[in-house]
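Subject: Structure handover

Hello,

Here is the structure I promised to pass on. Please open it first, then read my notes below.

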Amino acid sequence: MSQANQELHELAKKEYEHGFVTDIESDTLPPGLDEDTVRAISARKKEPQWMLDWRLEAFAKWQEMTPPKWPYLDLPEIDFQSISYYSAPKKPEDGPKSLDEVDPKLIETYNKLGIPLEEQKLLAGVTEATDVAVDAVFDSVSVKTTYSERLAEDGIIFCSLSEAIHDHPDLIKQYMASVVPVTDNFFAALNCAVFTDGSFVYIPKGVRCPMELSTYFRINAQNTGQFERTLIIAEEGSYVSYLEGCTAPQRDENQLHAAVVELVAMKDAEIKYSTVQNWYPGDETGKGGIYNFVTKRAECRGDNSKVSWTQVETGSAITWKYPSCVLKGDNSTGEFYSVALSSLSQQADTGTKMIHLGKNTSSTIVAKGVSAMKGQNAYRGLVHIGKSADGARNYTQCDSLLLGDTCGAHTFPYMEVKNPTAQVEHEATTSKIGDDQLFYCQQRGISEEDAVSMIVNGFCKEVFKELPMEFAVEAQKLLSVSLEGAVG
Amino acid sequence: MSEVIEHYVSEHASLKDVLPGNDLSWLNESRDAALQQLSTQGFPTLRAEDWKYTSIRPIEKRQFKLAQEVGHSVDATSINGYLYKDLDCHLMVFVDGRFSAPLSNLGDLARGITIKDLSTALREDSDVLKTHLCSAADMTRNGFAAMNAAFMSDGAFIELDKNCVVDLPIHLMFLSTGQHEELTSQSRILILAGDNSQAKIIESYHAQQDSVYFNNITTEVKLGRNANLEHYKVQEESKKAFHVATLQVDQQRDSTFTSHSVSLGAQLARNDINSWMGDEGATCNLYGLYVADGRQHTDFHTRIDHAKPHCSSNEYYKGILDGHSRAVFNGQVHVHPDAQKSDAQQANNNLLLSKDAEIDTKPQLEIYADDVTAAHGATVGQLDENMMFYLRSRGIDYNSAHALLVYGFAHSVIEKMSLAPLRKHLESALVSRIPNAGQFSDMVED
């Protein structure tokens, strides 16, 4: 492993690949947080009064709360007064109507990210096949929503949350904070008070969304925490696959990211939510990097509904997120597939919660953790089988792979079972890459580097195969970039 | 300070002059520090992660008193009922937490073994105790550990010299008479096993009546190089009793510690089992079985520390829950940096027999070294349909088949015990606990 170790160190010295700052004039609020900040954000977004009231109520509640202490993280004190809570690219007057009107620098940024809107436009001009609709969140304001027309044909609403607040207030009032209550936790409450934008998806009854929906978040302006919300509602018998991917430019100060994602699945509906997260992880000594504190929760409200979370977490200095499923409907299904990589001085405390309430509900958890260098990777999961959940079934598998002797892998699986007909299984293993495995490969003429890469890829394959086609390519690319040098 | 803590502080003040070793300044200092700890810290609440699922309100609600003297009602014949048939042993009997010399029967002790009650040991071996007492068990862990350190009123001191192999098991019997209301016993057991020594030690807890009392026990074990200790604990307290116990083990190079813990009784039973493998080549095996019904609450918290390379640990716990009972299992394995070539295996399987029973299990791994094989598994479920079908298709009625499968589930833990008489006792104890097991009880008795 010495070679791999050495290469890990080389990797650490590599510049963050996506570390570039697009120099666009931003309309940014000065740092600080009080009621006026909340009012200012609301005013800038021209929100109706009920929305402002809601924010202020959340802010009042947040002030009474304290940050959680239980995660397995070495978390420095965050000064919430030193963060700017709003940043929007200038020229937002009417919002760009077509790609031509979009700031060319913005397009350049997306080009660097490798998922350009340009390509989307070209594709749009030629055919309606392929089709990833991108709702690009570029520092808090949704710049461009594509494919809306195509989606509108089916009655699907896919827009920024700000638009939804204006155009579909009834849906927002009905569903927002119905899955993650305002006071759910410290960071969720903060998000409720100061959230700037996000995505809203509504799939009407019986509609199968014809394309994968996608949002790219990108933190750009210096010192702006990004607080977005995502709300997805899948009505009876509908299906949607939603992709979320993130990259951020290199910064020295820690940036705070506290998002809230809420999913609602009605009877027979299915939501597939995939994330690739590759924010700046900080440097080897733990300086810089993004703090990623996300509350993600799905409610399977109707019978036979299904929610599937897939995540590939390679970035961020500190990750704190537990995409969860509340399985209320009978026969509903929750899935969680995760690859979490922590290298450098990254810390990840991530996992899931499966709350079984309905009869014959089932859940599957597959969590793969890879730790390298000084990375600390913790899986924290809860499987709760309520009294009413007859015939509930859970299978949990969490495996850790350790590369190097200074990293750590931890598992905290909580299992609470209150029903005798439930079947709950948990399995966890921790291992390093076996010398015999390496020997086997090398003996067949495969270099050590390739062999390690192959083994790590095999280790994560179970999760990768859950990603949608359009995303799998990028996910694998991100992982191989993150592990480059370490494993080839 | 809460009312109940005030009660114990004043209780301590009134007992100060009668607690064993009150002429030893080091012990008084240690007792005072522990009392201070208890009064500032109090008893653990549900907000503490380690006590998240176990409420100790029923203990807090009562003001227990320490037994002052040995109950006289107990005689040798009544002790016989609690002895294990066909088991020759060195016997120490404690009645309501007080050592009873007339009932004990140490027999002929081989050279190199010291077995004494705590008061005698504090008189005769105070230098040894000064070094070792309270050195393994951390009294700051929680209020109960501190309480025991402050009050320890009796107990056992067992010392094995280098190369000493004890042929007969040592049986420490704790009997609660229930003659007085709401008694507590605060026992302390200290076991020092020298290099290359070997012994088997049994702790057993019994009650004469179905009464309310509170046993708070701390057992400290220190194993020298290549020492091998088997520790058995059979807890058959009254169904109204409270039982809180800490077993703290310190292991030296190449030592082997095996714990078998069976929890059958008590309204609330909490066991903390911690092993610190402080040098290379140590092995730690923890086996356990908990059977609960009615409104019983059983809680096992184990922690194994792999502090040095080449240590291995093996943990196997099973639980059967019926009625409104609730069980908690928390198995923590901590592999420290540089503890390479560690091997940690853990399994916890639970059977829920009633719709009102509950299990909360958390097999927890914390690993800071890379060359490690660690695996843990936990399952909760009911009996396997295929096994049931197999038995039913061979003409065995549902109830008997059910009982047989439950028995088989639990037996895999008992069969790991090397003491046959103890195994026999537990087999029949198990049969009496499983509904409808009468059908095959004669098969077990043989």
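First, one term. A nonpolar core is a set of buried Ala, Val, Leu, Ile, Met, Phe, Trp, Tyr and Cys residues joined through C-beta atoms within 7 Å. Also keep in mind that this is a predicted model.

**The core**

The largest nonpolar core has 242 residues. Val201(A), Ala234(A), Leu263(A), Ala265(A), Ile271(A) and Ala410(B) have the most contacts inside it. Helix α9 of chain B, residues 398-414, gives this core its largest share, nine residues. Domain 1 (3-277) and domain 2 (384-446) of chain B both contribute residues, so the core lies between them.

Take Ala234(A) as an example. Setting aside neighbours within four places in sequence, its contacts include Ile203(A), Val240(A) and Val264(A). Ala265(A), Met266(A), Ala269(A), Glu270(A) and Ile271(A) are also in contact with Ala234(A).

**A buried helix in chain A**

Now look at helix α9 of chain A, residues 186-194. Eight of its nine residues are buried, so this helix is largely enclosed by the rest of the structure. The buried ones are Phe187(A), Ala188(A), Ala189(A), Leu190(A), Asn191(A), Cys192(A), Ala193(A) and Val194(A). What covers them? Among the elements of chain A that do so are helices α2 (35-44) and α3 (49-63). Strands β8 (228-234), β11 (260-265) and β13 (290-300) of chain A are also included.

**Chain B as a whole**

Chain B has 11 helices and 20 strands. Its C-alpha atoms fill a box of roughly 70 × 55 × 50 Å along the principal axes. A compact globule of 446 residues would have a radius of gyration near 22 Å; chain B has 21 Å, which agrees. Buried residues make up 51% of the chain. Of the contacts in chain B with a separation of 6 or more, 83% join residues 24 or more positions apart.

**A strand with two partners**

Find strand β18 of chain B, residues 342-352. Eight of its 11 residues are buried, so β18(B) is largely enclosed by the rest of the structure. Strand β16(B), residues 312-321, pairs with β18(B) in the parallel sense over 10 bridges. There, Glu315(B) stands opposite Gln346(B). Strand β20(B), residues 372-381, also pairs with β18(B) in the parallel sense, over 10 bridges. Here Asn350(B) stands opposite Val380(B).

**Where the chains meet**

The contact takes 30 residues from chain A and 31 residues from chain B. On the chain A side, β22 (393-403), β23 (408-417) and β24 (423-431) each supply at least two residues. The largest share of that side, 10 residues, comes from β23(A). By class, the chain A side has 13 nonpolar, 11 polar and six charged residues.

Strand β20(B) turns up again here. Seven bridges join β24(A) to β20(B), and these two strands run antiparallel. Thr430(A) stands opposite Ala374(B) in β20(B).

Is Ser393(B) buried or exposed? Ser393(B) has 9, so it is exposed. Ser393(B) sits in the loop between α8 (385-392) and α9 of chain B. Compare its position with Tyr317(B): the two are 76 residues apart in sequence and 31 Å apart in space, C-alpha to C-alpha.

Best wishes

Conventions. Residues are numbered from 1 along each chain as its sequence is written. Chains are lettered from A and ligands numbered from 1 in the order in which they are written. This is a predicted model: local features need pLDDT of at least 70, side-chain atom pairs count only at pLDDT 80 or more; totals for chains, interfaces and linings use all residues. A residue is buried if 20 or more other C-beta atoms lie within 10 Å of its own, exposed if 12 or fewer, and partly exposed in between; C-beta atoms are placed from the backbone. Helices (H or I, at least four residues) and strands (E, at least two) are DSSP runs, numbered from the N terminus. Two strands pair if DSSP finds at least two bridges between them. Domain bounds come from an automatic or database domain assignment. Two residues are in contact if their C-beta atoms, placed from the backbone, lie within 7 Å. Ala, Val, Leu, Ile, Met, Phe, Trp, Tyr, Cys and Pro count as nonpolar, Asp, Glu, Lys and Arg as charged, and the others, Gly among them, as polar. The radius of gyration is taken over C-alpha atoms; the globule rule is 2.2 Å times the number of residues to the power 0.38.
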